[in-house]
Amino acid sequence: AGFSESGYDIICSAVSALSINTVNSIEALTDDKFSVDGDESGALRLNVHSLSDSSELLLKSLYVGIKAITDEYGSEYVRIV
């Protein structure tokens with residue numbers, strides 16, 4: 001995220017934890033089919049092929065968590081697309 005040096009970037013850690021937990025939760029708690037792509041920049045793309053109400057709720061929760069981080073630390077470190 002560029003907030004601190006690699007290994008100490010609390011924003012990157014927080015967003016990563018929320019994102020990975022959301023993907024793991026969709027896999028564990030729904031029957032939805034999805035694919036995940038990431039790159040070295042830290043971008044994560046989740047493609048859900050059939051979005052159930054449960055997955056939609058989990059994704060809304062992810063948004064709430066990332067939005068809270070953005071509100072606290074500024075949009076120069078996290079961008080939601």
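**Stop 1: the core**

Select Ile 11, Val 15, Leu 62, Ile 66, Ile 69 and Val 78: these 6 residues form the largest nonpolar core, a nonpolar core being a set of buried Ala, Val, Leu, Ile, Met, Phe, Trp, Tyr and Cys residues joined through side-chain atoms within 4.5 Å. Buried stands for under 20% relative accessible area, exposed for over 50%, and partly exposed for what lies in between (1.4 Å probe, protein chains only). Helices α1 and α2 each contribute at least two residues to this core. The largest share, 3 residues, is that of α2.

This is a predicted model, in which local features need pLDDT of at least 70, side-chain atom pairs count only at pLDDT 80 or more, and totals for chains, interfaces and linings use all residues. Residues are numbered from 1 along each chain as its sequence is written, and side-chain values use heavy atoms, with hydrogens and water left out.

Leaving out residues up to four places away in sequence, Ile 69 touches Ile 11, Ala 14, Val 15, Leu 18, Gly 74 and Val 78, where contact means heavy atoms within 4.5 Å.

**Stop 2: the whole chain**

Zoom out and colour by secondary structure. The protein chain has 2 helices and 2 strands, in the order α-β-β-α along the sequence. Helices (H or I, at least four residues) and strands (E, at least two) are DSSP runs, numbered from the N terminus. Along the principal axes, the C-alpha atoms fill a box of roughly 40 × 25 × 20 Å. Of the 81 residues, 22% are buried. The chain exposes about 5900 Å², of which carbon and sulfur atoms supply 51%; the areas come from the Shrake-Rupley method with a 1.4 Å probe, and for residues only the protein chains shown count as cover.

**Stop 3: helix α1**

Select residues 10-29, which are α1. How far apart are the end C-alpha atoms of α1? They are 27 Å apart, which agrees with the 28 Å that its 20 residues should span at 1.5 Å a residue; the expected span is 1.5 Å times one less than the number of residues.

Now show the buried residues of α1: Ile 11, Val 15, Ser 19, Thr 22, Val 23, Ser 25 and Ile 26. They lie on the same side of α1, because they cover an arc of only 160° around the axis, the arc being that of the directions from the helix axis to the C-beta atoms. Their cover includes β1, β2 (44-48) and α2 (53-73). Turn to the other side of α1 to find Ile 20, Glu 27, Ala 28 and Leu 29 exposed.

At the start of α1, a side-chain oxygen of Asp 9 comes within 3.2 Å of the backbone nitrogen of Ile 11.

**Stop 4: Thr 30**

Move on to the loop between α1 and β1 (34-38), where Thr 30 is found. Is Thr 30 buried or exposed? With a relative accessible area of 12%, Thr 30 is buried. A polar atom of its side chain lies 2.6 Å from the backbone oxygen of Ile 26, and one lies 3.2 Å from the backbone nitrogen of Asp 32. Apart from neighbours within four places in sequence, Thr 30 is in contact with Ser 25, Ser 52, Ser 54 and Ser 55.

**Stop 5: Ala 68**

Finish in helix α2, at Ala 68. Ala 68 counts as partly exposed, at 43% relative accessibility. Draw a distance from its C-alpha atom to that of Ser 25, 43 residues apart along the chain: the separation is 20 Å.

Notes: A polar contact is a pair of N or O atoms within 3.5 Å; within protein, one must be able to donate a hydrogen and the other to accept it, and residues adjacent in sequence count only if both atoms are side-chain atoms.
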